[in-house]
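Biologist: Can you walk me through how some of the helices sit together here?

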Amino acid sequence: MSRLAELRAGDPRRLGSYLLAGRLGQGGQGVVFLGQTPAGAQVAIKLLHASVAADPEVRRRFLGEVEAVRRVAPFCTAQVLDASLEDDRPYIVSEYVDGVSLRDHVVAKGPRTGGSLDRLAIGTATALSAIHRAGVVHRDFKPGNVLLSLDGPRVIDFGVSRLMDSAATTNQIPVGTPAYLAPERIEGESAGPPADMYAWALTLAYTANGRHAYRADTYQEILARIVYGRPDLGTLTGRLREIVEACLARSPGERPRAEEVLSVLLGHEGLDVRDVLTSGARAAVDTTDPRAGVPAGNVSASGESDTLPIGPEESTPTTPGPEDAPRTGHPGRGRRRVARWQIAVAVLGVLAGVAGFGLWLRGAQSPGLAGTWTGSADHPSAGRVFPVEIKLAGEGDSAMRWGADLRCSGRLAGTSSAMVYTLDDVRGAECYPGTLRMFPSGGDADQAVIRVTRRGDTDVTYSGKVSRPS
């Protein structure tokens, strides 16, 4: 378990419907708390600086960026579940990942090599592929924003820098950790996916060698070497070294895309993107606990502090768990809270037969229910919030995947009710067959509340909210 710091005198005890249990860390963007949903599931909540909520235009852009971030597919990422700008206390709620950061792991146990390094490369490339596919740029990829959990590596905070950037009225200073900025960002150009791949390459070099590829005594020297110097890739060899070198190309246009990198790492060139992401998430899982042997004070669900040691990523942090807790999630329009999901589930269960449901169902059926619905669900008894993906086919088999990194999968078969499906042929450890029910959400044909009941039970096992691209 992660070591929590006690709440301080000035800290809130509750944000919206979430109770706060303690501090996970603090950085330049805000404070990260361990929170709890009304159903008892643990989440990570990042309380941002109040200036984000001060300007109406900034608020509009911020909430728009939240929706973009929530479209990221849940492969090797920690999901954004909710966000709020109320009461001058803007915050982001994310899936809680109990794991040590890659940075702290390397500090405590040294560089990674062999299969361990390969899995790390595959997992992080998988995450960036999913992030970029959703039209999002991480902007602050670094060893501190990779958590090593029992489910494999998870990339966090791919939304926060983007959100903070959108909140800046004048943004001449690039958002991100200086030692992991691409040359074009240092020179004031906008951040695109190639900038993330540059940071990914530096992260892999750090992981393999235990030091930065542009090691120097000050950040100014590091930035100068990034722009004008040559990287020292140390012990990196073979195909992984070639990929890292390609990603460190001076020109953004010469760097490979994340999907290309992942395909090469997997040897799956030519496969469908979804197949590559699925293969990447599976290949990234390490059967050993990466936290073994790491000092308890360094185990965190959050990432690292913005205050980095000189010769970046090399000194043991002085705070128990830095700045940025896991975040990422799936789309929804407007704010999403677990409490509201549960209220909606209860109300819609009673009103499913009334005219509102009929109007929604006709609206949903006009383009057909076929499509990919993505979102997240709350499993109260397990104390978990996890991603869900539902693929409904107009004809033929439909399918559902759920759980951490969508490790559970099953076939959906229609019933006499248009919105009730039997979930069977289930695969995955501790994954069970049952019944899926979908109900309208806000009268929007592309949003729905889901309830899943485990076979043999009468009570709802987990519930949540999903949406599909309009």
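What follows is a short chat about helix packing.

Modeller: Quick caveat: this is a predicted model, where local features need pLDDT of at least 70, side-chain atom pairs count only at pLDDT 80 or more, and totals for chains, interfaces and linings use all residues. Residues are numbered from 1 along each chain as its sequence is written, and side-chain values use heavy atoms, with hydrogens and water left out.

Biologist: How is helix 3 oriented relative to helix 9?

Modeller: Helix 3 (residues 114-133) packs on helix 9 (residues 258-266) at an angle of about 150°, their axes 8 Å apart. Angles run from 0 to 180 degrees between N-to-C directions, along axes fitted to C-alpha atoms over the stretch in contact. Over 145 degrees counts as roughly antiparallel, so helix 3 is, relative to helix 9, roughly antiparallel.

Biologist: And how are helix 2 and helix 6 oriented to each other?

Modeller: Helix 2 (residues 102-109) and helix 6 (residues 193-209) meet at about 20°, with axes 9 Å apart. Angles under 35 degrees get the other label, so these two are roughly parallel.

Biologist: Which residues of helix 6 make that contact?

Modeller: Contact means heavy atoms within 4.5 Å. Helix 2 brings L102, R103, V106 and V107, and from helix 6 come T203, Y206 and T207.

Biologist: Which exposed residues does helix 7 carry on the face turned away from its buried side?

Modeller: Buried means under 20% relative accessible area and exposed over 50%, with a 1.4 Å probe and protein chains only. In helix 7 (residues 219-228), Y219, I222, I226 and V227 are buried. The face turned away from that buried side carries exposed Q220 and Y228.

Methods
Helix = DSSP H or I, 4+ residues; strand = E, 2+ residues; numbered from the N terminus. Parallel < 35°, antiparallel > 145°, perpendicular 65-115°, else oblique.
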